[in-house]
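Visitor: I'd like to go through a few labels and see what backs each one up. Can you walk me through them?

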Amino acid sequence: MKKYLSVFSAVALLMSTTACESFFDINTDPNAPAVENITSSMIFPAAEMAAAVSYGDYLRIVGGYYSQVYAHQFGTSNYLDYSQFEMSATRSSGTYSQLYQKGLTNLKTVQEKSVEAEDWGTFLAATTVRAFIFQALVDCYGEVPYSEALDDSNLTPKYDDGKDVYLGILDELDAALEKVSPADLVCTSFIFPGKNASEWIKFANSLKLRILVRMMDNVDVKSRLDALVAENNFITSDVEVAGCWEQAAGKESPFYGEEFSTLGGSTQVNVIANAAIINSMQVRNSEGDIVYTDPRLEVYFARNNEGKYEGGVSGTNFSTAASPYNSTGHWCRPVASYDMPVSLLSLAEVKFFLAEYAAKYNAGNAAAYYEEAIEASFASAGVDGAAEYIALNPFKASNYKESIGIAKWIALSGVNPFEAYCELRRLKYPQFATNVKGTDLYKDGGKAETTKLPAYRLYTPIMAFGQVGDNALLQRFPYAESSDSRNTNCPEFPGYTTPIFWAK
């Protein structure tokens, strides 16, 4: 993958935006400012950008493959391993290092400066992004350095259990929220440019909701959830990194820059839509006739060269087969643009989490939250049709995880495939088809028969990774090589099929 946006290139990007013309209004070299001139407004946007680039590019791509939102384009090899449900310690190493070194390290400095200045709005913002990054790391690896992390004098920090990291970042968010007032100012930011702490309070509460619901089947957090839901101060629109991307090399939205832009000289097609998601948004009857097309489909995926929606099959290359199905034009691709937002947390997700909370604890309004989640997803996509989707897929209180799991997977497919992957592991829906595998959908040189896969089902990839096996998901990443090779406290990898604590 491309080496994308260092901290200093993130700063350069920030300087290029109209709202930040005075970003480096200091009498020193902007690439090496004096220590006394470094401010939170100089460091915080770079930390945000480190998070946005890793989350919106690498994690979006791998999450897309592991959730079968994306498939592998035959004839290329860049992501063949992902399409087979495989991950190596080397593959995620750069992202792991970027999140720690360029994200968390800078955020630690911002927090320290904020405490010194009693700048509690900025302190909350930095704490929220820090919690966001640590949650993403746990959701990938299960265990990560936390309590001893970011200490320059300790080169071998211990790995903390994921549950302890989750509880730790919850406590951090609570402590930061206790100090802040809605009118408090916040330093320069990409996420909420020009906004005061009130928006960050909502984001922090919504992130707490995600953390608490994700762990509520394994840890008793009901009282904390009850208080949070009663407060009801959540986001009212999607939280995104948007409005800062440019159509220039190194400044495009990260997923687009990685997979679609030709400014870096690449014309290779790697990521295509997966048959699993296409068949679930374009539903067929037993005769193979299309009986329902989700209006969000045209927003999330582009039609193929025949004007149709056709999803590819994960798990092999078929680079030499003389077949029209190996053509890049036969399969759909995700819709992407140079200025596409990086979604951090959507309003639809918040409503789905509230629906799950209400269903688990018999709060009585689970179906209403479920419907609000779907309405929010359709509104975010800018299309009508939520009522028809709800009528076809009503909330089932008897199996709320199925209803929420499938609806959330579809809603996140065009917005945030990494979170789709997380929720797929946790909620266990969609499930695998019992009698259809990747080898049934396409064979080398033969006809693509992707319509054999029923709606709302996954499938075992062709040539699936042996350490994951049939009808199973890759549950966690091996510990990053950049840490494992240097840190003697790195634990033994428990295996690709060992769930993260919240998925047990």
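Visitor: What makes E199 buried, partly exposed or exposed?

Guide: Keep in mind that this is a predicted model. E199 has a relative accessible area of 25%. Buried would need under 20%, and exposed over 50%, so E199 counts as partly exposed.

Visitor: Why is the K202 and E199 pair called a salt bridge?

Guide: The closest N and O atoms of K202 and E199 are 3.9 Å apart, and the cut-off is within 4 Å, so the pair qualifies. Both residues sit in helix 7, three residues apart, which means about one helical turn separates them.

Visitor: How do you know that D217 and K401 form a salt bridge?

Guide: Here the N to O distance is 2.6 Å, and the limit is 4 Å. This pair links distant parts of the chain: D217 is in the loop between helix 7 and helix 8, while K401 is in helix 15, 184 residues apart.

Visitor: Why is helix 7 called oblique to helix 12?

Guide: Helix 7 and helix 12 pack at an angle of about 40°, their axes 10 Å apart. Roughly parallel needs under 35 degrees and roughly perpendicular starts at 65, so helix 7 is oblique to helix 12.

Visitor: Which residues meet there, between helix 7 and helix 12?

Guide: On helix 7 they are S206, L209, R210, V213 and R214, meeting E349, V350, F353, L354 and E356 of helix 12. By type, that contact has five nonpolar residues, one polar and four charged.

Notes
Residues are numbered from 1 along each chain as its sequence is written. This is a predicted model: local features need pLDDT of at least 70, side-chain atom pairs count only at pLDDT 80 or more; totals for chains, interfaces and linings use all residues. Side-chain values use heavy atoms; hydrogens and water are left out. Axes are lines fitted to C-alpha atoms, for helices over the stretch in contact, and angles run from 0 to 180 degrees between N-to-C directions. Helices (H or I, at least four residues) and strands (E, at least two) are DSSP runs, numbered from the N terminus. Angles under 35 degrees count as roughly parallel, over 145 as roughly antiparallel, 65 to 115 as roughly perpendicular and the rest as oblique. Contact means heavy atoms within 4.5 Å. Ala, Val, Leu, Ile, Met, Phe, Trp, Tyr, Cys and Pro count as nonpolar, Asp, Glu, Lys and Arg as charged, and the others, Gly among them, as polar. A salt bridge is a side-chain nitrogen of Lys or Arg within 4 Å of a carboxyl oxygen of Asp or Glu. Buried means under 20% relative accessible area, exposed over 50%, partly exposed in between (1.4 Å probe, protein chains only).
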